[in-house]
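Welcome, and thanks for taking a look at this model. Please open the sequence and the coordinates side by side before reading on.

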Amino acid sequence: MNRIMKKAAAILLAAVMIFAVPNCVCTLGHSYAAEQASAVWPLDKSFQKITTYFDPLRNETDASGYHNAIDIEADYGANIFAARAGTCISADWMDAYGNMIILYHEDLGIYTFYAHCSSVSVGAGQAVSAGMVIGHVGSTGQSSGNHLHFGICDKLLSGWPCRMYYDPLTYFTYDGTAITNPSAGAETSPACECTTDCAGRYTTENVVTYLNIRAGHSADSAALGQIPAGAMFTVTKGDGSWAHVEYNGIKGCVSMAFITKVADEPTEEGCKCSESYAGTYTTTGVSDVLNIRADHSANTKLLGTIPANATFKVTKADGSWAHVEYNGVSGCVSMDYIKKVEEETPKVTGDLNNDGKISISDAVVLQNYLLGGAPLSEVQFGLADMNSDKSVDTFDLIIMRKKLVEDLAKSA
């Protein structure tokens with residue numbers, strides 16, 4: 001009875017939430033800014049060189065490897081201006097961000113944040129006006145040089161910026177003119193003389209954290225994104241010094257001093273692997289590790305290893321070599337040392353007597369349990385949770401009954 005009362009209370013709470021949703025939706029929608037809002041450029045107009053652009057993939061994982069703001073190169077001590085009028089939420093040291101200022105803009109329902117400051121000129125709770133000096137440029141925290149890390153988000157998590165993040169170059173217009181982000185892969189350098197002789201699959205070399213993808217053949221050109229250390233990527237052409245790459249949807253250039261080729265790009269006549277081999281596999285006859293190679297040969301570059309008895313995914317194969325994915329590494333392994341794992345037939349929710357279907361006998365078992373009869377096994381308990389709320393109660397029996405009536409109608 002106590003369980004039923006809790007369930008009824010939950011239903012009433014859900015009803016209240018349904019009526020509250022429209023207000024929440026309006027607030028969130030407002031933060032997207034259907035029309036670009038005007039803002040003050042956060043630095044003196046002489047500082048407009050963007051060294052790292054916003055990466056929208058940050059909104060998919062919120063992993064720090066994807067840039068959640070723009071980095072604007074500027075002199076040490078340069079003034080930082082509030083982009084819009086608002087309220088200072090915090091102006092404190094925040095680890096990798098260094099000294100960071102966070103402002104809340106109630107009219108848009110968003111926060112702007114300004115990181116790596118050498119000093120701050122505002123405090124929590126202080127009202128600020130658009131264009132007001134709130135701090136000064138520095139290189140505090142995890143920073144490689146003097147610059148402003150300028151970002152926009154719609155919420156904070158324990159005081160820290162949190163997704164959803166927005167690109168400051170497209171969210172705002174500055175003095176009526178948008179400072180635009182160049183299209184991914186656009187080159188700022190003169191036409192190159194790269195050839196496809198360098199084309200193939202590569203990985204990073206002597207890179208500890210990540211390799212910058214640049215807009216052109218120069219370390220001074222804009223950074224469009226990063227390739228994590230050890231990641232695999234495609235080079236389409238190169239000149240021996242710089243290579244044109246494609247990684248995670250980003251096209252640009254990287255220095256060839258920090259990459260190494262692991263395989264040629266397969267030709268149409270090359271890899272003839274079939275997806276019919278796809279599935280979950282484990283090692284066999286392996287006492288230590290199974291080597292993951294760059295291609296269909298034990299002579300190609302070693303990319304990683306799979307421990308004995310580990311399970312992994314095979315995406316395709318040809319009977320001799322299989323394409324695998326394990327622990328973030330993609331490559332090939334010899335099929336002499338792997339075997340497919342027999343995958344269990346998925347259990348049917350509500351099938352408490354394990355006969356592959358829901359029947360009256362399952363309803364009897366569930367009803368008996370609810371009336372204080374025989375207990376359910378751990379597996380049965382999971383299958384009896386028809387509404388996936390981590391409990392088994394009268395509501396699950398109602399759902400099971402509905403399912404039985406529907407099945408009976410279909411067979412009539």
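This is a predicted model: local features need pLDDT of at least 70, side-chain atom pairs count only at pLDDT 80 or more; totals for chains, interfaces and linings use all residues.

Residues are numbered from 1 along each chain as its sequence is written, and side-chain values use heavy atoms, with hydrogens and water left out.

**The whole chain**

The protein has 6 helices and 26 strands; both are DSSP runs numbered from the N terminus, with helices being H or I of at least four residues and strands E of at least two. Of its 412 residues, 41% count as buried (buried means under 20% relative accessible area, exposed over 50%, and partly exposed in between, with a 1.4 Å probe and protein chains only).

**The salt bridge**

Side chains of opposite charge can pair when their charged atoms come close. With a salt bridge taken as a side-chain nitrogen of Lys or Arg within 4 Å of a carboxyl oxygen of Asp or Glu, the count comes to 1. Arg-84 pairs with Asp-107, and their closest N and O atoms are 2.3 Å apart. This pair links distant parts of the chain, 23 residues apart: Arg-84 sits in the loop between strand 4 (79–81) and strand 5 (86–93), and Asp-107 in the loop between strand 6 (99–105) and strand 7 (110–120).

**Burial, residue by residue**

Here are the two partners beside the residues discussed next.

| Residue | Relative accessible area | Class |
|---|---|---|
| Arg-84 | 17% | buried |
| Asp-107 | 41% | partly exposed |
| Phe-381 | 29% | partly exposed |
| Ser-334 | 13% | buried |

**Two residues and their contacts**

Phe-381 belongs to helix 5 (residues 378–384). Setting aside neighbours within four places in sequence, Phe-381 is in contact with Tyr-369, Leu-376, Lys-390, Ser-391 and Val-392. For Phe-381 and Val-392, the C-alpha to C-alpha distance is 7.0 Å, at 11 residues apart in sequence.

Ser-334 is part of strand 25 (residues 329–334). Not counting residues up to four places away in sequence, Ser-334 touches Ser-320 and Trp-321.

Terms used:
Contact means heavy atoms within 4.5 Å.
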